[in-house]
Amino acid sequence: MVAFNDILINIIQGAIPLAIIFLFGCVGEILTEKSGNLNLGLPGVMCFGAVGGVLGCVLYMKTIYQLWPIDVSEPVITFVTVLSYICLLLFAIIFACVFGAISGLIFSFLTTTLKANQNITGLALTTFGGGFADFVVPLITPKEEEKALLAKAAKILKFSLPYDRTAVGIWGDSFLNQSILVVIGFAIAIVAFVIINKTRVGLSLRSVGENPATADAAGINTNAYRYGATLIGCAIAGLGGLFYVVKINGWENSATLQGFGWMVLALVIFAVWNPLIAIVGSLVFGALWVSPQSGISTNTAAGKDLLKITPYVVTVVVLVITSIVGKKSVLPPGSLGINYFREER
Amino acid sequence: MKKETQKQISIRFENVSKFFGPVKANENISFDIYQGEILSLLGENGSGKTTLMNMLSGIYFPDEGKIYINGEHVTIASPKDAFDLKIGMVHQHFKLIDVFTCLENIVLGIEDKEKANKSKARKIVKEICDKYGFEINLNKKVYDLSVSEKQTLEIIKVLYREANILILDEPTAVLTPVEIKRLFAVLNNMRKDGKTIIIITHKLNEVMEISDRVAILRKGQYIDTVLTSKTNESQLTEMMVGKKTVLNIDRSEPKDVEDRLIVNGLTYVNGEGIKVLDDVNFTAKSGEILGIAGIAGSGQRELLEAIAGLNPKAKGDIVFFRPKKNLPVSFYHKTYREVVKLASEGKFHYDNGSPVSFEGMRPFQIKSLVNNGDVLFNENEVMNLREKSPLQIRELGVRLSFVPEDRLGMGLVGNMDLIDNMMLRSYRKGKGTLLNRKNPENLAGAIVNELEVVTPNLHTPVRKLSGGNVQKVLVGREIASAPKVLMAAYPVRGLDINSSYLIYNLLDKQKREGTAVIFVGEDLDVLLALCDRILVMCEGQVSGIVDARTTTKEEVGLLMTSKKEAEGGK
C-alpha cells in the first residue's frame, strides 16, 4: 500500500507534463476553432510538431552542442551553458512551431482557399500526420547514436528554472521541478485568453468564427483571420508534439500522441473554448490519465482502464451540462466547421 | 423637393452586369442616384435589386461595367472598400453577431484605433442616437434584441462608420406599422442631413410615401427612373411587371360539392400549456376553396399541422371522406379478406346497380370480378385521421397535400436538388433496392416547364433558387400527387405579383378538378376574391365561417378580433 501523500505527489509530478501536452494542443485548437475552422487534424498536427521538435533537437546536438556542451547529469550555470541551452530551446520551439504551422497551412489551403469539407480534411490530416511522423522520425534518428543524442536533448529540455530545492519542500518541488516549456505553456494559455477576449483582434477573430458573413460585411478579412488563427493555432499545437518527445525522451510511434490529440479535442469542449478553463481542464485530464500509474490500488486491470476513460466521461458530462444550460456563451462558435464563401447565394 | 439640376450625382452605374452561371442577375444597368435623395429601387422578386446593391456594398463584384461615386470611377472589391467610400448597407438578413453586445457589433471591424475604443464609441453612438432619435441599450446582447431593435442597431452601425450613402434592403418587411412610421421619420432626418438613401422594396404604398424618385428594375434590366410626385401606383406596377396585370383573380363556380373533410372538436394544447386550438369545427368540401383568415398566430398553422398528422397530441376528430362512390374496388388498398367482408355487409354494387354478394363464389372468381373493375363502391369511404402520422395517412390512400408556411424548413430540403426534392414524396414507391430517379426527373422537368421555374438546371440545390421559384417547386410537387385535399399556408408570402397570380390560378385549377382546397392567407382582398367560403379564426377558436362572395372586408376583420360570436354562414 502506497502512502496517500506519495500517490498525490506522483499524480502531480506525472500530471503536469502530460497536462502541458494537452494544454498546448488545446490552446492551439481553441484559437483555430474561434476562427470557425474545426481542425480535426489536431492529432496529425501534433505529430508534425513532434517531427519538427525531433529535427530541431538533433540539429542542435550535432552542431551547437558540439561547441558548447552541457553536462546533463550535473548542469553548471555558466554563460556558455546558458547560451547553449537557449539555442536548444529556440531550435526545438522554432522547428516544432514551423512544422505545426505547415500542417496548418495544408488544412487552411484546403478548407479556406479550396473550400474543402473541414471534417474530411481534418481526418485526412490526422492520418497523414501520424504516418509522416512514423516515417520521418526514424530517418532523422536512424541509429542508436542519434537516438541517444535526442534523449540527451530531451533531458536538457526537462531542466527546470533554478530554485532553492531545500526551501520549497517536497510539495513545492513536485510543482516547481518542471521544464521551462511548462511555464511557456501556461503563459501562452493566458496570453491567448487575453487576446481572444480583450483585444480588437480577438473581437474580429470571434466575429469571423461566429458569423463570417457579418464579419465580412463589417470589412474584416475573413480569410486572413482563418489562415492566421489556424497557422498560429497549429504552431502552438506543434509545441504539444515537441513536449511529448521531451516527456518520453525520444520517439516510439505516433499512436500515443494521436490518442492525446483526440483527448485534446475533447478537452476543447470541456473548456468551452476558454483558454483559462483549458488550464484547469488539462490538469484534470492529466491527473485522470496518470492516476492509474500513480500507485492507486486498483485490483484489476479493468480498474485502470476505467480510470483512463474518465476524461471522456467527464467530457460527455460537460457536453450534457452545456447543452442543458444552452447559454450562448458556452456554445461553440456559430460557424464552426462551415466554410465561408462570400458570393454563395 | 429641390430641382434635379441642382443636385449632385452621388452614384452612377454604367453598364453594370452580374451573372450567376447562366442567370443574368443584372444586365447593362446604367443610371444615376443624386445626393440627398431617397431613391426607391423597385422590382419584383428576383429582378436583381439586391444583387445590384450588393455590388455597391462590396459583397459581389460586377462582371462588367463601371461604378462611379461622386464622379470618380471606383473599384469596390470588398465590403471594406465600400466603407472607405462611405457606403453602408443594412441587409435584409441582419449582419449582426448574436453573442456580442450591441457596442461590440458597432465597433466590429473598425480599424481606426480611436473609433474602435469602446468608451469613445459609446459617446459617439449616443450623439448619433440623439441626433436621429434612436433608442438602444448598448450593453444588451444581440440575441436579446427584437427585430426592430436589431434594425436600429444596423443603422447605427452604418452611421457610426460615417456613411453618406445608405442602402436599406427591404427594411419594412419585418416591422410593425408603428415601427415603419418611426423608421421613415429617421430616414427623413437623414435626408435633411444630406445623406443619399436607397431603399429596396416591392411595397408600392411605401414607395409613394417615402421616396423622391423610383428606379425600376425588371428581370435584371433597368427600366426607368421616375419622380415619385409624377407617378402613381398603377403606372409603377406596369413598369415593374412589364404588362398590365389583371388584378382580378379568376374564381370559378364550385361544382360537384360534397363533404371531403370534417373537422370536429379539434383541440390542441401546446407544450407551454396554451390552448392553441379550441374546439375547432368545420367542413372542407370538394370543388371549393375554403379560406382561413385570422391574425397571425391564431392557430392557423397548428390547425393545418394537426390535419396533416404533424400534431399527434391534438384531440378531436378529423374525418376524411375518400371519394369512392361509384368507383371500382381494387386490391391496392384493400386485402382480399377486407373486400369479401365489405361485400357481405352490402357496401358494393355492380355496374348495372344490382347489389354485390360474393356468396358461393370462388376466390379466383371474386378476384377477377374486382380486377376487371366490375365491383363498385356504394358510398364514399369514411376514415378518421386522428392520431395518424403523415406516413400512415398516406398508406391509407388518403391523398392529402400540405404546402407548409416554412418552405425550406418543412417543405423542401434546401441542399438537395429539384429531382431529389420530388422524391421526398415518392421515395417509398417502387420495389427495387435502388431508387428510381426517372419519374421524379420527369416530374421536376414538367414542373419547371409548366410553372416557369427559373433555374439553371434540375440539379441545382433548391436553396439557390429565389423565394418565388422555391414556392413554385413546392406547390408543383404537392399538386402533382393529384390531392383530394390541398392545404396551403401563406403560399404567396414573399412572392411578387406574377408568381402570386400563378399560385392563385393553380389553386383554382385544383378546385375545378374537385380538390378540397384549404388556403390560409393574410391578405383579405385576396381571400375575398379567391375563396368560396372563409373560416375566420381568433385565438384558436373559429369565430365564424362566411360566404366569401357576399361578405365584406369589415365583417371578416371584425370576426378576426372577436371571439366566438356568430357561427353563421353556409
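This is a predicted model: local features need pLDDT of at least 70, side-chain atom pairs count only at pLDDT 80 or more; totals for chains, interfaces and linings use all residues.
Chain B holds 20 helices and 22 strands. Its C-alpha trace spans about 100 × 50 × 45 Å along the principal axes. Of the 570 residues in chain B, 40% are buried. Among contacts in chain B that link residues at least 6 apart in sequence, 69% join residues at least 24 apart.

Chain B is divided into domains as follows.

| Domain of chain B | Residues |
|---|---|
| domain 1 | 4-241 |
| domain 2 | 245-321 + 385-399 + 482-570 |
| domain 3 | 324-379 |
| domain 4 | 410-481 |

Taken over C-alpha atoms, the centres of domain 1 of chain B and domain 4 of chain B are separated by 35 Å.

In chain A, helix H9 covers residues 200-210 and helix H11 covers residues 222-247. The axes of H9(A) and H11(A) come within 10 Å and cross at roughly 100°. Angles of 65 to 115 degrees count as roughly perpendicular, so H9(A) and H11(A) are roughly perpendicular to each other. On the H9(A) side the contact involves A:Ser204, A:Leu205 and A:Val208, which meet A:Thr222, A:Tyr225, A:Arg226 and A:Ala229 in H11(A). By class, this contact of H9(A) with H11(A) has four nonpolar, two polar and one charged residues.

The contact between the chains takes 19 residues from chain A and 18 residues from chain B. On the side of chain A that touches chain B, H9 and helix H10 (212-217) of chain A each supply at least two residues. The residues of that side of chain A divide into six nonpolar, six polar and seven charged.

Notes. Residues are numbered from 1 along each chain as its sequence is written. Chains are lettered from A and ligands numbered from 1 in the order in which they are written. Domain bounds come from an automatic or database domain assignment. Axes are lines fitted to C-alpha atoms, for helices over the stretch in contact, and angles run from 0 to 180 degrees between N-to-C directions. Helices (H or I, at least four residues) and strands (E, at least two) are DSSP runs, numbered from the N terminus. Angles under 35 degrees count as roughly parallel, over 145 as roughly antiparallel, 65 to 115 as roughly perpendicular and the rest as oblique. Two residues are in contact if their C-beta atoms, placed from the backbone, lie within 7 Å. Ala, Val, Leu, Ile, Met, Phe, Trp, Tyr, Cys and Pro count as nonpolar, Asp, Glu, Lys and Arg as charged, and the others, Gly among them, as polar. A residue is buried if 20 or more other C-beta atoms lie within 10 Å of its own, exposed if 12 or fewer, and partly exposed in between; C-beta atoms are placed from the backbone.
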